[in-house]
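Colleague: I am new to this structure. Could we go through the ligand and then the aromatic rings?

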Amino acid sequence: MIVSPSVLSCDFGNIQRDTLMLHDSVADWLHIDVMDGVFVPNISFGFPVLQAIRQHTNKTLDVHLMIANPDAYLEDFKKAGADILTVHYEACTHLHRTISRIQELGMKAGVALNPHTPIEVLTEIAPLLDLVLVMSVNPGFGGQHFISAANDKVARLKALRNQTRSQFLIEVDGGVNLETGAQLAQAGADALVAGSFVFGSADPRATIAALQSL
Ligand code: DX5
Ligand code: ZN
């Protein structure tokens, strides 16, 4: 299992320390949540913080944009150090153009689906995607309760991947712990995001390793 701990739950007063902890852990990716107060009812952080994280690790930065009009900032995210750039289906009118541009800039392109958005909206574009991010909470905050319908959604997305001969990774974000993570592994998830479960645990590195072994 690919594990992508969410930096949103770190101690921002000690972001260098926490980034180095993730860097030294077995975490595969670092998940970076960018929120604009428009697409979601919360504001997190932007380019300077992403650049600071980039300075302390060469691990894959898995950037999740919860922002309106992501097209205006794709190049800036590349410059700030993003490796995977995931936009929300619900925020993109011309999704094909957005995905193509992300890939032209040399990043992997992901699409996130809110809990209410059916997977079928991705049928046409599926073969072009590097990643699909299934939201198992309504985006905007860490520490929310897992919406268990995500398990079935992952299983159906895996079937859609086969039907469309696509290669995208299936990542799940929100309310992931060892129990929900095991369900998601069973359903076919390739990658798990975990914020509060990792940073709220007594031994975050051991927690990351446990999630990875699911
Ligand atoms: C929620 C964010 C998540 C968040 C997950 O809007 O997209 O990445 O950090 O946090 P937990 O794991 O605490 O649900
Ligand atoms: Zn996220």
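This is a predicted model: local features need pLDDT of at least 70, side-chain atom pairs count only at pLDDT 80 or more; totals for chains, interfaces and linings use all residues.

Modeller: Residues are numbered from 1 along each chain as its sequence is written, chains are lettered from A and ligands numbered from 1 in the order in which they are written, and side-chain values use heavy atoms, with hydrogens and water left out.

Colleague: How many residues surround ligand 1?

Modeller: A residue is near a molecule if one of its heavy atoms lies within 4 Å of it. Asp-33, Gly-140, Asp-173, Gly-195 and Ser-196 are the closest. The number of residues around ligand 1 is 20.

Colleague: Which side chain has a polar atom 2.8 Å from an oxygen atom of ligand 1?

Modeller: A polar contact here is a pair of N or O atoms within 3.5 Å. His-31 has a polar side-chain atom 3.3 Å from a ligand 1 oxygen, and for His-64 the distance is 3.2 Å. The side chain at 2.8 Å is that of Ser-6.

Colleague: Why is the pair of Phe-47 and Tyr-73 called tilted?

Modeller: Rings of Phe, Tyr and Trp (its six-membered ring) pair if their centres lie within 6.5 Å; planes under 30 degrees apart count as stacked, over 60 as edge-to-face and the rest as tilted. By this rule there are 3 aromatic pairs. In the pair of Phe-47 and Tyr-73 the centres are 6.4 Å apart, and the pair is tilted because the planes are at 40 degrees.

Conventions: A polar contact is a pair of N or O atoms within 3.5 Å; within protein, one must be able to donate a hydrogen and the other to accept it, and residues adjacent in sequence count only if both atoms are side-chain atoms.
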